[in-house]
Amino acid sequence: MDFALTEEQSAIFDMAYAFGQDNIAPHARDWEAQGTIPKELWPQVGELGFGGLYVSEESGGAGLGRLDATLVFEALSMACPSVAAFLSIHNMCARMIDSFASDEMKARVLPDVLTMNTVLSYCLTEPGSGSDAVALKTRAERTNEGYTLNGSKAFISGGGYSDAYVCMVRTGDAGAAGVSTVYVENGTAGLSFGALEDKMGWRSQPTSQVQFDDCKISADNLVGEEGKGFKYAMMGLDGGRLNISACSLGAAQTALTATLNYMGERKAFGQSIDQFQGLQWRLADMEIELQAARVFLRQAAWKLDQGAPDATKFCAMAKKFVTETGSKVVDQCLQLHGGYGYLADYGIEKLVRDLRVHQILEGTNEIMRVIVARDMLKNR
């Protein structure tokens, strides 16, 4: 086993890290206060090739593997996990289009998606279907021209902000076989949005319900085949779980680095607090846990790249372990900052808030346990 990154992988990480520190980190608190990410940022991200990280090179994408992509999200989340996670969502949608859309749709849509002149949102969750995603009720009725959509999606990152929405809708009977995927451009008649959600974290990401009221789209906006949409949606989630784990990892690493620096400067009882053995042990525990999380994440990403039969299980395990480790570490970093950790100026409280949702989205960590347990029982 070779645990070292290749020269190319190190370069990918360094490029993403430098971009984040120069273009995202200095503005992260302001963007959070404004409740939005400036649209001007995304074409700059697109210039780096990050608008289609695992879109095939034949389609104009970067053609990176999942391990490579986790390096990008780990590096960018060191600047702001909210911004990095939003990019992950866009990339999940771009991959779905590249993998399953018709040649006509790819030619029409992907060029602007890859440059990020078109920003994408992923619409699966509904007010009454979260973990039980297959129970979705948003309906797409066939018409002579295409489809008429009715229903709503909930907790959509980029709702009212993004340029297009990759939506899972019901075109058939109940169950997974009745779900299809459609592409809905912003400005389509019948497409509207709820009020912006007032969230604990990820506050720079505009989030709202996406609503369809007799929303008419062309038949050309069907992604792939009717009845395959749930399969498409689930195939994107393994990678999404790795990405959100990487966002937890990078943010927690930033918090730990800041805490190390703070503890060398903060004095108590006549010495810097990094000289107290009890606090040194807490630093060591965090370092051990983060390094274990990093190895676990990269192993899961490697399995997904290799098409290993247990890749889904390992992605689920990594998602559960890494996101919980990230939250635990940033919480400990806040504690080690004392009262200053509770202040926005030090940046730690933002990371505590941002990372908490990582245990909920891309499948709750309870669902990750279900996936793992089912695999264990099936293979005993």
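This report describes the fold, strand pairing and selected residues of a predicted protein model.

## Basis of the model

The model is predicted: local features need pLDDT of at least 70, side-chain atom pairs count only at pLDDT 80 or more, and totals for chains, interfaces and linings use all residues. Residues are numbered from 1 along each chain as its sequence is written, and side-chain values use heavy atoms, with hydrogens and water left out.

## Overall architecture

The chain contains eleven helices and ten strands; helices (H or I, at least four residues) and strands (E, at least two) are DSSP runs, numbered from the N terminus. The radius of gyration is 21 Å, close to the 21 Å that the globule rule gives for 380 residues, so the chain is as compact as a globular protein of that length. That radius is taken over C-alpha atoms, and the globule rule is 2.2 Å times the number of residues to the power 0.38. Along the principal axes, the C-alpha atoms fill a box of roughly 80 × 50 × 40 Å.

Of the 380 residues, 52% are buried, where buried means under 20% relative accessible area, exposed over 50%, and partly exposed in between (1.4 Å probe, protein chains only). Among contacts (heavy atoms within 4.5 Å) with a separation of 6 or more, 74% are between residues 24 or more positions apart.

## Surface and charge

The chain exposes about 16600 Å², of which carbon and sulfur atoms supply 52%. Accessible areas come from the Shrake-Rupley method with a 1.4 Å probe; for residues, only the protein chains shown count as cover.

There are 34 positive and 47 negative side chains, and the centres of the two sets lie 7 Å apart. Lys and Arg count as positive and Asp and Glu as negative, while His and the chain ends are not counted. The place of a charge is taken as NZ of Lys, CZ of Arg, CG of Asp or CD of Glu.

Strand E4 (residues 164–170) is mostly covered, with seven of its seven residues buried. Both of its faces are covered: Ala164, Val166, Met168 and Arg170 are buried on one side, and Tyr165, Cys167 and Val169 on the other.

Two strands pair if DSSP finds at least two bridges between them. Strand E1 (residues 120–123) runs parallel to E4 and is joined to it by four bridges; the bridge partner of Ser121 in E4 is Tyr165. E4 also pairs with strand E5 (residues 179–185) in the antiparallel sense, over seven bridges, and here Val166 has Tyr183 of E5 as its bridge partner.

Strand E7 (residues 207–218) is joined by nine bridges to strand E3 (residues 146–157), and the two run antiparallel. Strand E6 (residues 191–193) is likewise antiparallel to E7, with three bridges between them. Phe212 in E7 stands opposite Gly151, and Leu191 also stands opposite Phe212.

Phe155 is found in strand E3 and has a positive phi of about 60 degrees although it is not a glycine. Phe155 is exposed, with a relative accessible area of 61%. In strand E7, Asp214 has a phi near 50 degrees, again a positive value in a residue other than glycine. Asp214 counts as partly exposed, at 48% relative accessibility.

Asp238 lies in helix H7 (residues 229–265) and is buried, with a relative accessible area of 10%. Leaving aside residues up to four places away in sequence, Asp238 touches Leu304, Thr312 and Cys315.

Ala318 is placed in helix H9 and is buried at a relative accessible area of 0%. Beyond residues up to four places away in sequence, Ala318 touches Ser245, Phe296, Leu297, Ala300 and Thr323.

## The loop between H9 and H10

Ala344 is found in the loop between helix H9 (311–336) and helix H10 (348–356). Ala344 is partly exposed, with a relative accessible area of 33%. Apart from neighbours within four places in sequence, Ala344 is in contact with Arg29 and Glu349. Ala344 and Arg29 are 315 residues apart in sequence, yet 8.5 Å apart in space, C-alpha to C-alpha.
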